[in-house]
Amino acid sequence: MERTITIKAVGKASQKPDCIRLNIELEAKELEYQKTMDLAAKQLENLKKALIAEGFKPEDLKTSNFNINTVYIYKQNNSNEKVFDGYRCVHSLELSFENAMEKLNKALNAFQASKAQPEFTINFTIKDPEALKKELLAKACEDAKEKVEILSKASKVKLGQLLAINYSWGD
């Protein structure tokens, strides 16, 4: 007869943010496709120049998404007619750097100087989330080992071979 002890373990880990990630969005809208693309290119060029002037490298700015689509509006009359209103280009970019407030200030100064009017969000994060996950798993294993030793000693059972490990990030 196989006897098993099932343990639910918890691991805790924390790390101070060591990285700032700016998610940036540039939007260009014109009636003509080529004018929309020209405006989008000009916005990007102005943003890159301003960032370089603040000490960033061109390769620091990375595209995360780029799309262009048609825009329609509905006339406010009885027909609810759909009318073409041009093209909209949305260019999503990412700028990541070490967690340094002076560097963040330089990036924000560049946004203002660029005249590109980017929308952005600021995220304080960690460069290597995988390392933190590994630490978390290791601590959960330590917690499981401690719990199983307490249970086996209290129930006067000798531990045998580990049969299975089942883990999830649910909790």
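Buried means under 20% relative accessible area, exposed means over 50%, and partly exposed covers what lies in between, with a 1.4 Å probe and protein chains only. With that in hand, let's walk through the structure. The model is predicted, so local features need pLDDT of at least 70 and side-chain atom pairs count only at pLDDT 80 or more, while totals for chains, interfaces and linings use all residues. Residues are numbered from 1 along each chain as its sequence is written, and side-chain values use heavy atoms, with hydrogens and water left out.

Side chains of opposite charge can pair when their charged atoms come close. Here a salt bridge is a side-chain nitrogen of Lys or Arg within 4 Å of a carboxyl oxygen of Asp or Glu, and by this rule the count comes to nine salt bridges. One of them joins Arg21 to Glu94, with the closest N and O atoms 3.6 Å apart. This pair links distant parts of the chain, since Arg21 sits in strand S1 (residues 19–30) and Glu94 in strand S3 (residues 82–98), 73 residues apart. Helices (H or I, at least four residues) and strands (E, at least two) are DSSP runs, numbered from the N terminus. How accessible are the two partners? Arg21 is partly exposed at 25% relative accessible area, and Glu94 is partly exposed at 28%.

Another salt bridge connects Lys29 and Asp85, whose closest N and O atoms are 3.1 Å apart. It too links distant parts of the chain, with Lys29 in strand S1 and Asp85 in strand S3, 56 residues apart. Lys29 has 35% relative accessibility and counts as partly exposed, and Asp85 at 23% is partly exposed as well.

A helix supplies the next example. Glu130 and Lys133 meet through their side chains in a salt bridge of 3.5 Å, N to O. Because they are three residues apart in helix H3 (residues 129–154), about one helical turn separates Glu130 from Lys133. Glu130 is partly exposed at 43%, and Lys133 is partly exposed at 37%.

Back in strand S3 you will find Ser92. Is Ser92 buried or exposed? Its relative accessible area is 13%, so Ser92 is buried. Leaving aside residues up to four places away in sequence, Ser92 touches Ile24, Glu25, Lys62, Thr63, Ser64 and Asn65, where contact means heavy atoms within 4.5 Å.

Now for the rings. Rings of Phe, Tyr and Trp (its six-membered ring) pair if their centres lie within 6.5 Å; planes under 30 degrees apart count as stacked, over 60 as edge-to-face and the rest as tilted. By this rule there are five aromatic pairs. Phe84 and Tyr87 make an edge-to-face pair, 5.2 Å centre to centre with 70 degrees between the planes. Phe84 is partly exposed at 35%, and Tyr87 is partly exposed at 23%. Phe111 and Phe120 form a tilted pair instead, at 5.1 Å centre to centre and 55 degrees between the planes. Within that pair, Phe111 is buried at 4%, whereas Phe120 is partly exposed at 36%. Ring pairs also link Tyr33, Tyr72, Phe84 and Tyr87 into a cluster.

On a 1 Å grid over the protein atoms alone, a cavity is a set of points where a 1.4 Å probe fits but cannot get out, and a pocket is an open set with protein on both sides within 12 Å along at least five of seven lines; lining residues have an atom within 4 Å of a point. Grid points are joined across faces, edges and corners, and a volume is the space filled by probe spheres set on the points. The largest pocket has a volume of about 1,300 Å³. It is lined by 32 residues, and the closest to its centre are Ile7, Ala144, Ala164, Ile165 and Asn166. The structure also holds one cavity of 30 Å³ or more. Lining the largest cavity are Lys48, Leu51, Phe56, Lys57, Pro58, Asp60, Leu61 and Leu95.

Finally, look at Lys158 in the segment after H3. At 76% relative accessibility, Lys158 counts as exposed. The C-alpha atoms of Lys158 and Asn77 are separated by 82 Å, the two residues being 81 residues apart along the chain.
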